Each structure stands twice: as structure tokens, then as C-alpha cells.
Amino acid sequence: MQPLLLVLALCAAQVSALSVGSPTDYNDDYDEDARAVPSWQPEPLKPAPWQAEPQYAQPQEAVVQVPEVGQISGIRNFKTIANRPVNAFLGLRYAKVGGGLARFQAAQPAGFQGRVSATVKSPNCAQFPELARLRDSESRGENVDDCLTLDIYAPEGARQLPVLVFVHGEMLFDGGSEEAQPDYVLEKDVLLVSVNYRLAPFGFLSALTDELPGNVALSDLHLALEWLQRNLVHFGGNPEQVTLVGQAGGATLAHALTLSGRATKLFQRLILQSGTALNPYLIDEDPQETLNTFASLARCPSPSSTPRGLAPLYDCLGRLSTSQLVAAFEELLLKNEAYGRSRLGGFKLVVGDALGYLKSDPSILARNGSVTPPLIIGATKDASSFIISRIYDQIAHLQSRNVSDYIDVVLRHTAPAGEHAKWKQWALREIFSPDQEHTASLQTVANGLLELSNYILYRAPVINTVRDLKEPAYLYIFDYRGQYHRFGHLSNPLPFGVDASLSDDSVYLFPYPPEASQLNPLDRSLSRALVTMWVNFATTGVPNPNPGVWPQATSEYGPVLRFTNSRQNALELDPHFGEGIYVPGHGSRSPKPVIIATPNNAPITTTTTTTTTTTTRRPYAVNPYANWQSRPTQQQSNWHPADPEYVRAQEARQQQFIREREQRWREQQQRRPPQQSRQEQEARQQQEEERLRQQREQEERVRQQQEQEERVRQQQEQEERVRQQQEQEERVRQHKEREQYEREMQEREQREQQEREEREREEREREERDRELQGQDQQPDNVPAPVDDGDRWSYPSYEDEQQQREQQEREEREREQQEREQQEREQQEREQQEREQGAPEENPDDGRLPYPSYDQFSRDDNENPSESESGNNYNEEQDREEQQQEQLRREQQERDYRLQQEREQQERDRDNQPGDNPEDQQAYEDYVRAQEAKNAEERLYAEEQERERQRQEQLHQERHQQPEEPQPDERQPYPSYEAYEPDRNYAEEQEREQQRRDQVDQERDQQPGEDQGEEEADQDELKVEDFPTYEAYLEAATKLREKQEEAERLEDERYRAQQEEEDRLEAERQRNSLRQFSQLRNLINGPQHVKLLPRQQ
């Protein structure tokens, strides 16, 4: 109940106050002349008397109906400027950006939005200085890419006012629309608009494709201007009087959009402050390389590393969050800035974009006469100090006495690579003195380096822009050093204070940053003058209507208006934009003589040549902008600078002045004493000779340095080619070795497989034969073995018995034949040993054998002619003996292997025979006969082993009966039965021995080729006379030795690897052999259980 009564009381108080007081008349069309009326002054921002507590009052809304957008509610009385209210419409969306990969593509018009609240400024577009804000907004699920908005500031009751559209700038990777505040500009009758556009990779990253077109920021600015053309009239602006104002990087965008020809009717005038599209720092010459670098830093696939082309990269960029992409760009900027201008990208214009804004290089578009509206163009005096400050550490670390080294650092960060030589020669001629070429220091050249970067990045682009213009252009240089810098919060590492750095002129147009918004009286006075000329240009196309104050440029060099700190004349008219110096390649084009009339008719004359300019400045008698607020309008002169009669009269006056000056100089020369004149001439001649000598020495040093650099470069290239060739040869060699090794392994596996199959087949055949023999041996001699005839047991016929006996006889004969052969081989071996050892008589003195005499040798030779002949053919006989022994050794190994296999098979058959178990026999008599046969076989086997042992002992005794040691013989002894080791795989050892012999034969066959290779190597040996210098010979010899050492090292490694592989295979074979022998021993020594029948008991 109480709140209701309070509301009724307030309503009654308002009605009473309105009925008693006089009506308040707010004039929407407020005129400045109303300040002269002393009777009454309206106070629109004064709170009403009934508003006792203003903190509860809500800000009033300024509502505008825009058919295309909807109902827009802005802030009424946002500020009071020049005693009139200013309304603000903040965060008006002019386009919308999609998600994913669409963040890098052209936006779409916003369309109808219904009720729009324009009372809160929208956030800036994504940029790395606000990375923490981006991550926080993303964590809350906000759309941080929805940033294409603009702010409009309009005086209350505005009607058809000119419009200033501000494009913020700096380096195109930071900034926002809040940089343009209305405090200074809206003292005049004008609307102010500030635009947000996408920055850094979202505005410029390009693959020159539809998916990643590049120059998207130009598309954003284009959409904003189109939106303003359709809707400005609803805010009180005149769409026919739109002036585009660009600051630094924003000026580059505004100029590029102008050169594209796609925004011709969207604005009528142009103001470029410290920036053009011809600035080389903001042109990306290799956008593909920039894309590769950015993809690597963003952890995305490289465009050239996948068969799908750019599709994986597009997918990756679409998946990454905005904050991740911004962080990747920050990493690119910090890592690559030290490498120079060519390694920086992602925030620069690209040529050939898929949207079609820059089909050619901006310099080509400017020369081809692209339609450009009337413009104001200029730069601050030390605009490039921002760049020099960032690379100052690299300059300071040089510690060089040659100024060329310092120039190279600056050129790497400012100029294209193809223009380095041109700018370097220009700097040595125009900026630095000959003394500084070899006596340079950081303190003496720092100022010149700053001037060089100013010319490259700002003055030369301005001159080249104005050269081909057809519309009026007004040049200015902002050389005023006020209380604040635009980037005053950054430290200045330069050894001197700069005058006006980048964007300092913007401080006097807009109160930004906040710490630079409180201008002192002198700075505020200059601010009013600057704003007045900017608004005059936006309104009439002429910044100052007073003649002689700021005339239109008649050439690319001037005249130019200079803002200075002079108290007598803060605004000076300078005839030359380049400080009397012509930029490279344009010195031959001299502008027309410009004679500027002052109130006292005292001309400022300029005499130009192709390379230098001599300027005679005269102080201005009158400061045109002193007391500018109360100065009456001056009458226009009847003559216009474009009038031919006026031009001819001024040229005649200039020629007269030149003739008078030359006449005075001749008179002075005549009045001088002759002696002094001759001395001066001699001194000048000596100075000229000294200068020429120094110049020749410098040229010679430069030539020698270039030759040295060229030699070093060629040597490095040669070494690189040799290294690449060696690497290629090494890769080919390794590939061949790998293929050879794989082939050998395959062949070895095939041989092993064939051998295994052969052994299995032989084993099966042997098992078949042994099984047949075992069946025959198990039957008694007089009892035929039963034959399984299917359904019944029967005894074999007489023919079968006859075949069995014949088979037994054949086997017996074979065994006897083998025994005879064995005895013969043993006999041959003993004879061979006796023949080698001989039996000479012992020396009774020392036990050594005496040397044979010539007579004894002849007698032996005559008695044994066959032995003499055999001695002559000893090598052949030795080869035959080795072959025979090798054959005997193989036969012995095969016989031992068969014997071992037979014993194993017999053990297996014995275990599986039905005779081993009495229950398996039909009668106990059969079981007894089987046991007797088995015992007889074991006795035969034991007797055979005993005979073999006796033969080996006899052999051993015969060998040791000789008193002297046997001569060394590489031949292996015949294997004996006792030397047989069950755990050794003699077949594998035989195979390895055969491989060793094959390898020795192969090496013996290859020996002639190796000798030939050595002869070729001797022929290829380096000779000193084949080289121009001894150093070249040493270098070639060193490389050859390194190559040989590397080849030997690789050969050793390959040999060690081969040996390790053979050792591993040998160890594996031994383990397999031990395992097989262990199984066989367990099988032989295992327990045998015999069940006795009850009738045995």
C-alpha cells in the first residue's frame, strides 16, 4: 500500500509543477548565435527539480526508426559538447559472421533486427592484447566473433550533416571503434561514425581460395559503408557528404578500398593519416608461406603435406576456437618479427584475393589511374619510430663501423627484397655523409636510420600516391610535439627524443587514449585548428578557404602544410614534402616552380635539380591561424594558381630572382683577393681528390667484399651439393645392401627349407627301410614271420623267404664294403701322416734333425723318381688330398648322422613294438623270441662300438710313437666314433664349413678386381698441380680422406652386423641341438615297465 501512495504523490507533484511553472522551450535547431542572448540560456542536461535522487534516474533513450533494421534505441544526451547534447548509438550490427571456417570468409548483411538496443558498446574484434577476455567470454559460451558493429555520434536534432567515417588502424592486428570519441569533432556540425572490422588472421589470412579468400577486412569496411549509405539519413547524416578518415593501418584499408574501384559511390572524400595502400610493410608478398607458418603454429596440417590438399587445413581451422587462433597469431608475430618484414604475415593485404578487391599490386592500380576522390594525405614526421623502436636491439648489437651494416638491418624490416640495393644507394648518397661510411656508430647513425625508414614506409608511398592523381590533393606533415604521444605508454629505446610519432595527429582529433584526453591550452588550440580543417574539407572539399594557407598540391612534392611547435607560426608552408630530397627513381621529375605569395609579397623560392634541392625559407610575416576564431574572412584573390597568366608571371619573377642571385655571387667572387681565390680552389681540388680517392677505395673494398662473399657462397653451395650427393649415394647404397641382405635371407630360407624337406624325405625312406628290416630281424631264423593277410594271420611263402634272405645278404655285403672302405681310408691317412712326418735320423747333440745335403737330396731323387716328380707337382697333389679328405669327412659325417638317426628310430620302434609288452603277443613264446632278438641286436651294437674304440686307440698310439711334433696342417682330421658329440648338429656344421670355403673362393676370385680398384685409386690420387691453389688441394684431399674413412666405417659396421647375425644363428642352432639331444636322452634313459604274466610266477 505504501509504494502505491508514493507513486501517486510523485505524479501529483509533477502535474503541479508543470501547471505552475512556465513552459520550457528546447530548441532542437540550436544555433551558436544564441549564446549572445543574455536573457535566457537553456540547460538541457540540468536535472529537473523533482528528481531529488538522480542515482535512481534511468538514462533517456534516443529512438530512431530505421526501416531496414527496426527500432533502434540509443543514448540521448550521451555528452554535452559545445553546449548542445550529443546522442550516441553504440554497437549497431551492420553484418554477421558465421562460425567455423566462415570466420575467415566474407560476412553477410545483418538484415532486419526488430528492436535494437544501442546503448552499450560491443566488444572489439578478436585480437591478442585481449586474449584473456576472449577466453573468459568463450568459457561463458558467448559468440566472440560477432563484432561487426559501428558507433554513431550525432548532435541532437541533426539534419543532413556531413559525415566523418573513422577507420581505426595502427598495424591491423589490434584496436577498435572506441578510439574515435566525439569530444573534439562534434564541436562542429558533423556526424561521427567509427567502424569495427575483423583483424589479423580473421581479416587477412589467405590461401587465395574461396574457402580462405583474404582481404576480408576490406569486405567488412565495404559492407559498413553500404549500410551507412542506406541508413545515415535516419540519424541526421547526408549520404552525399561522406568522408572516409583512415589512421595508419586504417588509412591503408581506406586507400586499398578506393583503388579497388568497388566503393566509388559510397564516399565522396578521403583523408589518409600516416598510411596508404603503397606502404610495403602492410603488403604480404607470399601469403602461402604465411599460411604454412600459421598452420604449423596452430598445430594444423600443412597445405602441402596431405594428398587431400587444403581440406584438412580447412577442417582444422574450422575446429579451433577463436582464442586458440589468436594465440597462434601472437606466437607467429613474436617469433618471426626478428627475422624481418618478409617473415611477418597474417595481418597484411594480399594481392589476388578471391573476393576481387586487389586484382593487382596497389602500386600498379595507382599508376593506372584508379578513380580517387579529393583527399588530404600526409604523415607524422617520425611515424616509423614505432618500427625502429621494435628492432632497436638488433641495431644496437651490431657494433660495426660500417654504416652499410646498419642500413641492411633497417631494409630487412621495412623494404621489399628487390628494392634493397636501390634504397641503400639512395641512403648513402642523400642521408649519410662519406665520413660515416667507415666511422659509423649507433649514436651517429640512429637519426639517419629513422629518416630512412620514414622515407620507405611513409613519405615515398605518399609521394607515389599523389603523383598520378587527377583529383585535388592536400599534403601535410605533422611535426608538432605536444604533451602526449599516441603510444606514450611504450618506452622509447632510441638515443634521442622523437618529434611526432605514429598516430600522434589522431590525439588532437579524438581524446584517446584516456590518459591523453586532457590537453593543455597550446595543444587544445592546435586541436581546434586541425578539427576545423578536417571538417571544412568534409563539407566543402577545401581544408582552408584562405589563400596561401594550405594550397592544393601542384606536384607530388608539394606544397605541403607543416604543423610545428613554433610560437610565431605553428602552421608553415613547405615547398617540398621530402625535405628537399627526392625519393629513388624520381629525382629527374622536378615539380613546377611553386611561388607562394605572402601578405608582404615576399616569395619563397625553390630551386630544384635532379638530385638535390636548395630551399630558401623566409619567415612568415603573418601567422594565418593566429587568432583564428576572430579572424575576418579574407577576400579571395582575383588570380587563381591554375590561371596561365598567373603562372607565367610567377615563373618570370622566379627567373629574375635567380639572375639577381647569380649576379651577386659573381660580384662577390670578383671582390675576393686572387691569392685567396687560388688557395680556395686548391683546397677544394684537394678535397675533391681526397673524396674521389676515398670513394675508389670504398668501391674497391666493396668489390673485394662482394667477391669474398661470392666465393664463400659458391664454396658453401659446392659443399652442400657434395653433401647431398654423398647422402644420396649413402641412401642408395643402404637400399642396395638392404635388398641384397633380404635376397640372401630369402635364398638361405629357401635352401634351409629344401634341406629340411630333403632330410625329412630321407628320414621317411630310412624309417620305411628300418621298419622293414626290424620286422625281419624280430623273427627267428628258422621261423618265418607271420604275414597280415587282412582277416587272418598266415606265414609267408618260399618266394618271400628267398627275397628276405637276398635282402639280408645284400645288406651284409654293403656293411662289409663300408668296413673295407673305412679301413682303406684309415690306412691312407696313416700313410699320409708318415709321409708328411718322415723318419730321419736324430741328431745326437741336440735332438734336432740334420739338414739334408745336396748329395742325399740327389740320391733320393734318383732312387725315387716318382717322388721327385710328385714333389714338383706338390700343389696339385695337396689339392687332391684335400678334396679326398673333404669327401671322406663328409661321408663320415653322413654315416654318423645316419647311425644316430637309426639308433633313435630303433629306440622309438622298440618302445612302440608289440613285443615289448607280453600282453600284446599271441603267446608267451613269441614274446621270449622277441626279447632274444632284441638282446642280440644290443650285443651286436656293443661289439661294434668296442671295435671302433679299439681302432681309435690303435690310431692314437701310432700317432704318439713318433718323437717329433707333426708339421702343422690346416686339414681337419677324420672324425672318429668317440669324437662324435650327440648335442652337435653336424649337418649344420658341414653347411657352415661349405659356406666358409665358398666365401674364401669368392674372395680369391675377387682379388684381381680389388687390385684393379687399388690401381684405379692410385690413378685417381689427387695431385697438387691439378688445383689452382694449395688450399683447394688440401680441401679436396681432406674431403677425399673423410669419404674413405666413412666408407671404411660403414664396411666395418656391416661386417660386425653380419658377424653378430651369424653368432646369433649359431647360438640358436646350438640351443635347438641341445634341446633335441635332451629329449632323445630322456627317451632312451626313461623307465621301462614290463608286466609279467601270472603263468611266469
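Me: In which loop is proline 513 found?
Reply: This is a predicted model. The peptide bond that leads from tyrosine 512 to proline 513 is cis, with omega near 0 degrees. As for its place, proline 513 is found in the loop between strand 15 (473-478) and helix 15 (521-540).

Me: Is serine 503 buried or exposed?
Reply: Serine 503 is found in the loop between strand 15 and helix 15. Its phi is near 70 degrees, a positive value in a residue other than glycine. Buried means under 20% relative accessible area. The value for serine 503 is 0%, so the residue is buried.

Me: What is the omega of the peptide bond that joins glycine 558 and proline 559?
Reply: Proline 559 lies in the loop between helix 15 and strand 16 (560-563). The bond joining glycine 558 to proline 559 is cis, and its omega is about 5 degrees.

Me: What is the relative accessible area of alanine 82?
Reply: Alanine 82 has its place in the loop between strand 2 (70-81) and strand 3 (84-93). Its phi is near 55 degrees, a positive value in a residue other than glycine. Alanine 82 counts as partly exposed, because its relative accessible area is 41%.

Me: How many helices and strands does the chain have, and what share of its residues count as buried?
Reply: The chain has 24 helices and 21 strands. Of its 1097 residues, the share that count as buried is 38%.

Me: How does helix 13 lie relative to helix 14?
Reply: Trp423, Trp426 and Ala427 in helix 13 meet Leu452, Tyr455, Ile456 and Ala460 in helix 14. Helix 13 (residues 420-430) and helix 14 pack at an angle of about 120 degrees, with their axes 10 Å apart. That angle makes helix 13 oblique to helix 14.

Me: How does helix 4 lie relative to helix 5?
Reply: The residues that meet are Ala217, Leu218, Leu221, His222 and Leu225 in helix 4 and Leu253, Ala254, Ala256 and Leu257 in helix 5. Helix 4 (residues 216-231) and helix 5 (residues 249-260) pack at about 75 degrees, with axes 10 Å apart. Helix 4 is therefore, relative to helix 5, roughly perpendicular.

Me: How are helix 2 and helix 8 oriented to each other?
Reply: Helix 2 (residues 131-139) and helix 8 (residues 322-336) have axes 9 Å apart and pack at an angle of about 160 degrees. Their crossing is left-handed. Angles over 145 degrees count as roughly antiparallel. The two helices, helix 2 and helix 8, are therefore roughly antiparallel.

Me: What separates the C-alpha atoms of alanine 379 and alanine 248?
Reply: Alanine 379 has its place in strand 14 (residues 375-380) and is buried, with a relative accessible area of 4%. Leaving aside neighbours within four places in sequence, alanine 379 is in contact with Ser274, Tyr458, Tyr476, Ile477 and Phe478. Alanine 248 is 131 residues from alanine 379 along the chain, and the separation of their C-alpha atoms is 8.8 Å.

Note on methods. Residues numbered from 1 in each chain as written. Predicted model: local features only at pLDDT ≥ 70, side-chain atom pairs only at ≥ 80, totals over all residues. Heavy atoms only, no water. Helix = DSSP H or I, 4+ residues; strand = E, 2+ residues; numbered from the N terminus. Buried < 20%, exposed > 50% of the residue type's maximum accessible area, 1.4 Å probe, protein only. Axes fitted to C-alpha atoms, helices over the stretch in contact; angles between N-to-C directions. Parallel < 35°, antiparallel > 145°, perpendicular 65-115°, else oblique. Left-handed = near helix turned anticlockwise from the far one by under 90°. Contact = heavy atoms within 4.5 Å.
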